[in-house]
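I would ask everyone to look at the structure on the screen while I speak.

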Amino acid sequence: MCESYIVKCQCGSNTAEIFFGKMLLDEKSVSRVFCPQCSEGYEEIEPQRVWDNGWVLELNLDVIRAHSSTFGMPAESVSAEWVFDSGYVTWVGITPDDTIRRNKERESIQQLAKTDVLAYMKAMKEWGIGREKRFSEEGWRKMIR
Ligand SMILES: [Zn+2]
């Protein structure tokens, strides 16, 4: 139940990897995902949508509000933003496609290990620090909080 759930966005060009924290909610609580290319036109602030750098995670609040007693709050004050920021339904990594991107980036550095171990270790370290810095600069929700 803690395994991740991969959802294609509405235009189909990107995927988001979703994590359900605290073993409470599952994929029934996810309605739609929009990537920055297909989120246009959905700008209005709605309680069922959480925005993160152009990505939108749209949740099924009816399903989620059925759990409101577990959250210890009135059903009507449960919003997608709250659910996301509390980690009940959130990205697996910092960003929706963090795992895919991380593996790709790491793979390219690992090529270096075959020829120059010291350079490889240095590159790995710089990569780790650079990633965090980049996420902060890009302003992802998980980095802001
Ligand atoms: Zn899309």
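I begin with a pair of helices, H4 and H5, which are roughly antiparallel to each other. Please keep in mind that the model is a predicted one. The angle between H4, residues 98-113, and H5, residues 117-138, is about 155 degrees.

Which residues in H4 meet H5? On the H4 side they include Asp 98, Arg 101, Glu 105, Ile 109 and Leu 112. Among their counterparts in H5 are Val 117, Tyr 120, Met 124, Trp 127, Arg 131 and Phe 135.

I turn now to the metal site. What coordinates the zinc ion? The SG atoms of Cys 9, Cys 11, Cys 35 and Cys 38 do so, at 2.3 Å. The angles among these four donor atoms run from 106 to 114 degrees, and the site is tetrahedral. Along the chain, the donors are spaced as C-x1-C-x23-C-x2-C. Cys 9 belongs to the loop between strands S1 (5-8) and S2 (15-19), while Cys 35 belongs to the loop between strands S3 (30-34) and S4 (49-52). The pair therefore ties together parts that are 26 residues apart in sequence.

Finally, let us consider the chain as a whole. The protein chain contains six helices and six strands, and their order along the sequence is β-β-β-β-β-α-α-α-β-α-α-α. Its C-alpha trace spans about 60 × 35 × 25 Å along the principal axes.

Thank you for your attention.

Definitions and conventions:
Residues are numbered from 1 along each chain as its sequence is written. This is a predicted model: local features need pLDDT of at least 70, side-chain atom pairs count only at pLDDT 80 or more; totals for chains, interfaces and linings use all residues. Side-chain values use heavy atoms; hydrogens and water are left out. Axes are lines fitted to C-alpha atoms, for helices over the stretch in contact, and angles run from 0 to 180 degrees between N-to-C directions. Helices (H or I, at least four residues) and strands (E, at least two) are DSSP runs, numbered from the N terminus. Angles under 35 degrees count as roughly parallel, over 145 as roughly antiparallel, 65 to 115 as roughly perpendicular and the rest as oblique. Contact means heavy atoms within 4.5 Å. Donors are N, O and S atoms within 2.8 Å of the metal (3.2 Å for Na, K and Ca); water is not among the atoms, so sites may look incomplete. Four donors count as tetrahedral if all angles lie between 85 and 135 degrees; four count as square planar and six as octahedral if opposite donors are over 155 degrees apart and all others between 65 and 115; anything else is irregular.
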